[in-house]
Amino acid sequence: MKSSFITLNNGNKMPMQGFGTLQIKDAKVCEKCIYESIKAGVRMFDTAPAYFNEEAVGKGIAKAITEGLVMREELFIVTKLWIQDTPKDMVRAAVMESMRKLQVGYLDLYLIHQPYGSYLESWPVMEQLVREGTIKNIGVCNFSKSKLEELQQVATINPTVNQIEIHPYYLHKELREYMAEQNIAPMAWGPLSEGQRGIFENQDFRVIAEKHDKSVAQVILRWHLQRGVPAIPKSIHTEYIRENFDILDFELAEDEMNLIESYDMGYSEIIDHNNPLTEKWLTEWKIHE
Ligand SMILES: NC(=O)c1ccc[n+]([C@@H]2O[C@H](COP(=O)([O-])OP(=O)(O)OC[C@H]3O[C@@H](n4cnc5c(N)ncnc54)[C@H](OP(=O)(O)O)[C@@H]3O)[C@@H](O)[C@H]2O)c1
């Protein structure tokens, strides 16, 4: 089974299907998940210093490479810059520390994790690391249209990706339109709505799933794929990891796609990045001394 790719605004290719590692804190479990994902065909991995599992992700990758399951060049490794490390004199050290933990000589995609802190001064350092070949692609997470515009004023390299919450209950429509105009690729976090809002029990989704002899998770992930949205579902269960990647042998009809999209609420129930309280608690949260 081979996943497809999206071409980023710099001409580089990024897999459409990935694996997310938020809240996989147990190192052994995380390492196993990465290894099983690679066995299942997944080639893109999303982690962050704030997930406290870069080392375990690195171990899973190293094991698979050592066993000859995959080569480094086939993998697309994504990690992020936490708010605390956004001042310009801290960015390079943060990148080096992530690479050390991940046991890699370059990062495929490096993202500003939150739209807070000194990210305007982080960006030129990230651009320099691209020029040096240490990072292949740079981008952001959770940036609104106005934050993207602000960043674009200092940027000489346009962000390639904005990793944002996207699932049937929140399509992030307006922001997606702006990103499409600017050729900034989306990457869906929470592609399965983090399992919330009873997504797996939704009757409409179940009917579609039964019709295709697939699970609801597979239907939702197929919907992302058909909309051209790269997605990084997380699971600690090997059977789900395999299932989530196995979505290339069926196709949703237009009315099925529309029905899934009809659940859009137009807002997030998970996090509101425009709320000053969100900015306060995330900025106050330190991940190292
Ligand atoms: N940049 C950001 O600010 C940001 C924010 C949030 C997330 N992320 C990234 O996006 C990734 C994905 O988002 P997420 O982890 O929040 O949520 P998600 O992938 O939408 O959902 C994960 C939940 O769905 C369950 N699940 C997965 N596959 C399933 C299946 N086939 N059947 C039934 N249940 C299934 C998982 O359960 P089990 O694990 O128990 O199997 C888990 O409870 C994260 O891991 C992280 O890498 C980034």
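## Charged partners

With which residue does K101 form a salt bridge? The partner is E97, and the closest N and O atoms are 3.7 Å apart. Keep in mind that this is a predicted model. Both residues sit in helix α3 (residues 88–102), 4 residues apart, about one turn of the helix. K101 is partly exposed at 25% relative accessible area, and E97 is partly exposed too, at 32%.

## A link between loops

E269 and R197 meet in a salt bridge of 2.8 Å, N to O. E269 is in the loop between α10 and α11, while R197 is in the loop between β9 and α7, so this pair ties together parts that are 72 residues apart in sequence. The count for the model comes to 15 salt bridges.

## Two crossing helices

The axes of α8 (residues 216–226) and α10 (residues 254–261) come within 11 Å and cross at roughly 105 degrees, which means that α8 is roughly perpendicular to α10. On the α8 side, V219, I220, W223 and Q226 make the contact, meeting M257, I260 and E261 of α10. By class, that is 5 nonpolar, 1 polar and 1 charged residues.

The structure holds 0 disulfides. For C30, the nearest cysteine sulfur belongs to C33, 6.4 Å away. C30 counts as buried because its relative accessibility is 0%.

Definitions and conventions: Residues numbered from 1 in each chain as written. Predicted model: local features only at pLDDT ≥ 70, side-chain atom pairs only at ≥ 80, totals over all residues. Heavy atoms only, no water. Axes fitted to C-alpha atoms, helices over the stretch in contact; angles between N-to-C directions. Parallel < 35°, antiparallel > 145°, perpendicular 65-115°, else oblique. Contact = heavy atoms within 4.5 Å. Nonpolar A, V, L, I, M, F, W, Y, C, P; charged D, E, K, R; others polar. Disulfide = S-S within 2.5 Å. Buried < 20%, exposed > 50% of the residue type's maximum accessible area, 1.4 Å probe, protein only. Salt bridge = Lys/Arg side-chain N within 4 Å of Asp/Glu carboxyl O.
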